[in-house]
Structures are given as structure tokens and as C-alpha cells.
Amino acid sequence: SHIGDITNLTTVFSKNVIENNINELSDLKKELGKNPRNYDQWLQVGLLKKFFNNYKGAEDAWQYATIVNPKASTAFANLANLYTMYLNDYPKAEEYFRKAISIDKETSPQYYIGLADLYDHFFIERRDRVPEILLEGISVIPSDTNMKVRLADYYKQLGNQREATH
């Protein structure tokens, strides 16, 4: 089925939103039947499946999107977030953040921050890599202030005032 567990959705979302998403998923299925190489539509299928708590379906859609367009980073980043927040597969999350970074390293500071957050909050046995990944991102995108703020927060969290103010 293209719908996951919708039992809790009705308490959060209106029936209208749920119906619209069901209809959109149905339309996308038809469209992708005609043109299975539409990257953006596969991204949307993944988002809709995730909306319905069908994480395996979202994973499958985004995995397919990475095959349809291996030079676009969004599906890799979506998979990294899915593995982090919903599937709790941190080595896979790390792998997909790395793939997203390798594709868009100079334009997407959020991927470096996502990987740092993975290490800091989930894959905590690798927490010591947080500064390394943020410094890597800062060296590639020196104009980005978000990574600098995130690094300062990390040091502050550790009680390392000297590094936090650099």
C-alpha cells in the first residue's frame, strides 16, 4: 500500500490535508508510470510517504531518486535525515550526509550542520568529530555564519570558552 500508518494523522492534520495528500500520491503514481525518471516527482513521493509514516516507502522513493539523478543532493540529504530521525540508522545517515556534501559542498552549509548534529545528538560515539566537520564546512564556505555559530555553541556546550569565542 502507498499509505503508511495514518491513525495519528487525523489528530494533527485535517481530513482535507490527508485527502489531498492521498490524491497527490495517486496522481504521482500515474505520472511516474508514464515517466519514471522524473526526479522532482520521486522527491515528492518520498515526502508524501514520510507524511503517512511510511518510512520504508519514503526510503525507496528517495533511493530511486538518487539513481534517477545521482548529481542532485536533495534525495541524499532527505535519506540522511530519514535515517537520523526516523530509522535510527546512524552509519547510513552519516554516509548519506557525506554523499550530499560531496555533491553540494560549496553551496549547502546545512549538510555540514546536519552531519554535525547527527554526531552531536544521535551518533554520540562520534561526537568528537563535530568540530572537524564544521571546520571542514567553514573552510569550504567561509562566508557562512551558521556553521561558525554552531561550532561556537558546540564549544560552549563543552564549557570551552576560549574556543567558543574564536
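**Helix packing and burial**

Author: Helix α5 and helix α6 (residues 90-104) pack with their axes 8 Å apart, at an angle of about 160°. The model is predicted, local features need pLDDT of at least 70, side-chain atom pairs count only at pLDDT 80 or more, and totals for chains, interfaces and linings use all residues. Residues are numbered from 1 along each chain as its sequence is written, and side-chain values use heavy atoms, with hydrogens and water left out.

Reader: Why are α5 and α6 called roughly antiparallel?

Author: Their angle is about 160°, and angles over 145 degrees count as roughly antiparallel, under 35 as roughly parallel, 65 to 115 as roughly perpendicular and the rest as oblique. The pair α5 and α6 is therefore roughly antiparallel. The angle runs from 0 to 180 degrees between N-to-C directions, and each axis is a line fitted to C-alpha atoms over the stretch in contact. Helices are DSSP runs of H or I with at least four residues, numbered from the N terminus.

Reader: Which hand does the crossing of α5 and α6 have, and which residues make the contact?

Author: The crossing of α5 and α6 is left-handed, that is, the near helix is turned anticlockwise from the far one by less than a right angle. From α5 the contact takes F76, A77, L79, A80, N81, Y83 and T84, and from α6 it takes Y90, K92, A93, Y96, F97, K99, A100 and I103. Contact means heavy atoms within 4.5 Å. By class, this contact has eleven nonpolar, two polar and two charged residues. Ala, Val, Leu, Ile, Met, Phe, Trp, Tyr, Cys and Pro count as nonpolar, Asp, Glu, Lys and Arg as charged, and the others as polar.

Reader: How do you know whether α5 (residues 74-85) is roughly parallel or antiparallel to α7 (residues 109-122)?

Author: The axes of α5 and α7 come within 11 Å and cross at roughly 15°. That value is under the limit for the parallel class, so α5 is roughly parallel to α7. α5 passes α7 in a left-handed crossing. T74, A77, T84 and M85 of α5 meet Y111, L118 and F122 of α7. These residues divide into five nonpolar, two polar and no charged.

Reader: What makes S73 count as buried?

Author: S73 has 4% relative accessibility, so S73 counts as buried: the limit is under 20% relative accessible area, with exposed over 50% and partly exposed in between, for a 1.4 Å probe and protein chains only. S73 is in the loop between α4 (55-68) and α5. Not counting residues up to four places away in sequence, S73 touches Y39, A100, I103, D104 and Y111.

Reader: Is W42 buried or exposed, and how do you know?

Author: W42 has 18% relative accessibility and therefore counts as buried. W42 sits in helix α3. Leaving aside neighbours within four places in sequence, W42 is in contact with L32, P36, A61, W62, Y64, A65 and V68. The C-alpha atoms of W42 and K29 are separated by 9.5 Å, with the two residues 13 apart along the chain.

Reader: Why are N53 and N88 called partly exposed?

Author: N53 is at 29% relative accessibility, so N53 counts as partly exposed. N88, at 49%, therefore counts as partly exposed. N53 lies in the loop between α3 (39-51) and α4, and N88 in the loop between α5 and α6. Phi of N53 is positive, about 60°, although N53 is not a glycine. Phi of N88, also a residue other than glycine, is positive and near 50°.

How values were computed: Helix = DSSP H or I, 4+ residues; strand = E, 2+ residues; numbered from the N terminus.
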